[in-house]
Amino acid sequence: LIHEAGQALKAAMDRVTQEGGMHLSAVSDRVKGLATMARMFCSALAQIVVTVMEQLAADVSNSEQGKVSKSDLHTVVAKKIRDTQRRYQSSLLSYIKLIEVLALLKPSILPAIRDAYSELVAEVIMNKKRMKGYFSTLPGKTSKMMESVTNDLKEYSAVTLRSDKTAEVGPATMKPVNMQ
């Protein structure tokens, strides 16, 4: 229903501009009214889309299927992260028509929705706990197995930055580049 309303609003605005009656004050006032309505409609619709994305992200990330435990192997953790991302993206497909309406009426609002999507994926879907579990299960040496060794500066031998053997760089030692 919202998709159809957005398409009808876009069609009405396109019809007015195609008919060329913009110079008439009545038509111009009507277009201004339609433009204001489209702006308010798109703002409300964008808020709805972001709210739906937030709720879906919370639902998908809190499900038991995507939980990472300390006993999981790296491949299992990676699979759970991929599956969580796929579930989130597939749940958003049901709302693609709303985003299409926004693309028709106000394409300039799409970057803000894209930013909200990116932030949700980074903060909710790929949260710190999940990523910590992912990196802690990487194969190879982990920080738990490694010894912490620190050296005191007194243990290093002193090194001079310039030795006496190097010539001072200056105009006397430099050769011209293009000498003929």
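# Charged patches and an aromatic pair

User: Where does the largest share of the negative patch come from?

Analyst: In this predicted model, α5 supplies the largest share of the negative patch, with 3 residues.

User: Which residues form that negative surface patch?

Analyst: The patch is formed by Glu54, Asp115, Glu119 and Glu123. Of these, Glu54 is placed in helix α2, which covers residues 25-61.

User: And Glu54, is it buried, partly exposed or exposed?

Analyst: Glu54 counts as partly exposed, because its relative accessibility is 42%.

User: What about positive charge: which residues gather in a patch on the surface?

Analyst: Lys67, Lys70, Lys129 and Lys132 gather there in a patch of positive charge. One of them, Lys129, lies in helix α6, residues 128-136.

User: Is Lys129 buried or exposed?

Analyst: Lys129 is exposed, since its relative accessible area is 66%.

User: Changing topic: how many aromatic pairs does the count come to?

Analyst: The count comes to 1 aromatic pair. Tyr88 and Tyr117 form this pair, and it is stacked, with 5.9 Å from centre to centre and 10° between the planes.

User: Why does the pair tie together parts that are apart in sequence?

Analyst: Tyr88 belongs to helix α3 (residues 74-92) and Tyr117 to helix α5 (residues 110-125), so the pair ties together parts that are 29 residues apart in sequence.

User: Is Tyr88 buried or exposed?

Analyst: Tyr88 is buried, because its relative accessible area is 1%.

User: What does Tyr117 count as?

Analyst: Tyr117 has a relative accessibility of 24%, so it counts as partly exposed.

Definitions and conventions:
Residues are numbered from 1 along each chain as its sequence is written. This is a predicted model: local features need pLDDT of at least 70, side-chain atom pairs count only at pLDDT 80 or more; totals for chains, interfaces and linings use all residues. Side-chain values use heavy atoms; hydrogens and water are left out. Rings of Phe, Tyr and Trp (its six-membered ring) pair if their centres lie within 6.5 Å; planes under 30 degrees apart count as stacked, over 60 as edge-to-face and the rest as tilted. Helices (H or I, at least four residues) and strands (E, at least two) are DSSP runs, numbered from the N terminus. Buried means under 20% relative accessible area, exposed over 50%, partly exposed in between (1.4 Å probe, protein chains only). Patches are made of residues with over 30% relative accessible area and no salt bridge: like charges are joined within 9 Å, nonpolar side chains (Val, Leu, Ile, Met, Phe, Trp, Tyr) within 5 Å. Accessible areas come from the Shrake-Rupley method with a 1.4 Å probe; for residues, only the protein chains shown count as cover. A salt bridge is a side-chain nitrogen of Lys or Arg within 4 Å of a carboxyl oxygen of Asp or Glu. Lys and Arg count as positive and Asp and Glu as negative; His and the chain ends are not counted. The place of a charge is taken as NZ of Lys, CZ of Arg, CG of Asp or CD of Glu.
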